Amino acid sequence: MEMEQEHIILLQKILVLLFSVTLFWKIIKHMCGLLNIEKEPVTVLVTGAAGKLESVVIFLSSFFHYQIPALHTDTYVQIIINSKLLCSSKGLFSSTGQIGYALVPMIARGMMLGPDQPVIIHMLDIEPAAEALNGVKMELIDAAFPLLKGVVATTDVVEACQGVNIAVMVGGFPRKEGMERKDVMSKNVSIYKAQASALGQHAAPDCKVLVVANPANTNALILKEFAPSIPEKNITCLTRLDHNRALGQISEKLDVHVSEVKNVIIWGNHSSTQYPDVNHATVKTTDGEKSVRVALANDNWLNTEFITTVQQRGAAIIKARKLSSALSAASAACDHIRDWVLGTPKGKWVSMGVYSDGSYGIQPGIVYSFPVTCEKGQWSIVKGLKIDEFSREKMDATAKELMEEKTLAYSCLD
Ligand code: LMR
């Protein structure tokens, strides 16, 4: 009898224990859920978000037949103000094809930082675009994005940079059909110097910066030089667009889905000297993972047309649209930041323009695109890849162009 009672007590104890463990687990899960909901919002700055500037400047460029002198920020604004009157009276504005305009809803939808990460978006543009910028703010509010916790639309660079965790620098003087990136250099380096000091002084200390506006590598370099308080590892430029273009070209040629192809590399400058390298790229096939070179068995195409197509894709889009790429650039900017912040999948690398540490014999002192993997918010250059003579030559040629751009950029700042 006594024994029986002891058993019952033991059983009761086990039941109470099981119930407590279950309850405790549920409470933990519930609290995790609450923690997720209450994740601190990340503040993302997008410059040039009004979706207006590019068309104004394109109009200006044709108006002056490219004879616009090296512009500094103030004169730039002044000329735009004058031409806005001209343009608006002739109804020449068009807001199509703007990277910033395509990018902000992607950020607000969680495509950049994940579906559970609230965001506050700061948008900066120049004074003449203030009304349009406010219109974009109205649209963001009207879209009722669940993750969007605040929007600041401003023409004040200090207000725009205040406390930002991520800065996507899209604003700048755009390239028009027939222009090389170098042609827009003098206009953009002055703008980037000014924005660098505002970011350095007012952004969060660990702010991650992605420069999109061309010449992207050299603008990023100028930004690094004039924002010494931002760690150099936090200043990058966009070559993910070229990386994605290379993946796209290969998947089309192989007739496989783009997600089956990985580990292409964009070396160097986001310009027509960039080197899209497929020597380490692989494709998933029904027989397992294969080298792209083996699967394609067309070295001639890979060493010629493929390279030039990727190098010239930006120009081809400008020729077709009469405007720079926008949706693909915005999507690539999201890919770049997402992988940087949340990490690259195992076994996969991406291309990022970063300050050279001398890897692969590329001299420090330039922002150069390398293959990188990302973990815990930090990128690292993929080391030890075999470089053949063909690649070496192309990697050095694009590095040489970046050294020349650097000299030119500094001469514009003198
Ligand atoms: C692109 O690559 O599409 C952009 O950088 C536009 C340009 O100037 O080429």
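## Strands 10 and 11 and their sheet

In strand 11, Gly288 is the residue that Thr285 stands opposite. Strand 10 (residues 282–285) pairs with strand 11 in the antiparallel sense over four bridges; two strands count as paired if DSSP finds at least two bridges between them. Three strands in the order 7-10-11 make up an open antiparallel sheet. Its edge strands, strand 7 (261–262) and strand 11 (288–291), each pair on one side only.

Strands (E, at least two residues) and helices (H or I, at least four) are DSSP runs numbered from the N terminus.

## Basis of the model

The model is predicted: local features need pLDDT of at least 70 and side-chain atom pairs count only at pLDDT 80 or more, while totals for chains, interfaces and linings use all residues. Residues are numbered from 1 along each chain as its sequence is written, and side-chain values use heavy atoms, leaving out hydrogens and water.

## Helix 14

Gly343 follows helix 14 and has a positive phi, near 100 degrees.
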